[in-house]
Amino acid sequence: MARTVADVMTRHPAAVEAEQPVSVAAALMRDNDAGAVIVNDNGRMRGIVTDRDIAVRVVADDKGPQTPVREACSASVEAVGPDTSIEQAVQLMRTHAVRRLPVVEDGRAVGMVSIGDLAMERDPDSALADISAAEGNR
């Protein structure tokens, strides 16, 4: 049974530099079957951008696909280290109402843990775990 975030996280998450256009982030999401991408500033984690961020902060505001990711991302992001316990990650997600936590080591993202990852670990028979395990639901 997994005890730490490192046991359940997605390793080597897709990442984009803050100055790149949101179209690059969207293509990474498509190619990696992911709903979020790490946003870096010179290789160091600056934030996270989700498919919803692009829809709400770019498309809904009638901005184009060349909009820099920094204008769409959430810069204030809760993050954890690889040694963070599963229980601590769950509590952090609850407290801050987030669905994903970047896993950071020395300022660099080394993984991503999602609410679905935790659901599959804690209750593999739950509906959320079933949905999260389905192909195309990352």
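Student: Before we start, when do two strands count as paired?
Tutor: Two strands pair if DSSP finds at least two bridges between them. Keep in mind that this is a predicted model.

Student: OK. How many bridges join S1 to strand S6?
Tutor: Two bridges join them, and the strands run antiparallel. S6 spans residues 108-114.

Student: Which residue in S6 is the bridge partner of Thr10?
Tutor: Met112 is the partner of Thr10.

Student: What's the strand order in the sheet?
Tutor: The order is S1-S6-S5. The sheet is open, has three strands and pairs antiparallel.

Student: And which strands stand at the edges?
Tutor: Strand S1 (10-11) and strand S5 (100-105) do. Each has a single partner strand, so one side of each lacks a neighbour in the sheet.

Student: Where does H3 lie?
Tutor: H3 lies across S5 and S6, at about 130 degrees to S5.

Student: Switching to H2. Which of its residues are buried?
Tutor: Asp53, Ile54 and Val58. They cover an arc of only 95 degrees around the axis, which puts them on the same side of H2.

Student: What do they pack against?
Tutor: Helix H1 (22-32) and strand S4 (44-50).

Student: Which exposed residues are on the face turned away?
Tutor: Arg52 and Val59.

Student: New topic: Thr67. Buried or exposed?
Tutor: Buried, because its relative accessibility is 9%, and the cut-off for buried is under 20%. Thr67 sits in the loop between helix H2 (51-59) and helix H3 (86-96).

Student: What is Thr67 in contact with, leaving aside neighbours within four places in sequence?
Tutor: Gln20, Pro21, Val22 and Val58. Also, a polar atom of the Thr67 side chain lies 2.7 Å from the backbone oxygen of Gly64.

Conventions: Residues numbered from 1 in each chain as written. Predicted model: local features only at pLDDT ≥ 70, side-chain atom pairs only at ≥ 80, totals over all residues. Heavy atoms only, no water. Helix = DSSP H or I, 4+ residues; strand = E, 2+ residues; numbered from the N terminus. Buried < 20%, exposed > 50% of the residue type's maximum accessible area, 1.4 Å probe, protein only. Polar contact = N/O pair within 3.5 Å; in protein donor to acceptor, adjacent residues only side chain to side chain. Contact = heavy atoms within 4.5 Å. Axes fitted to C-alpha atoms, helices over the stretch in contact; angles between N-to-C directions. Arc of directions from axis to C-beta.
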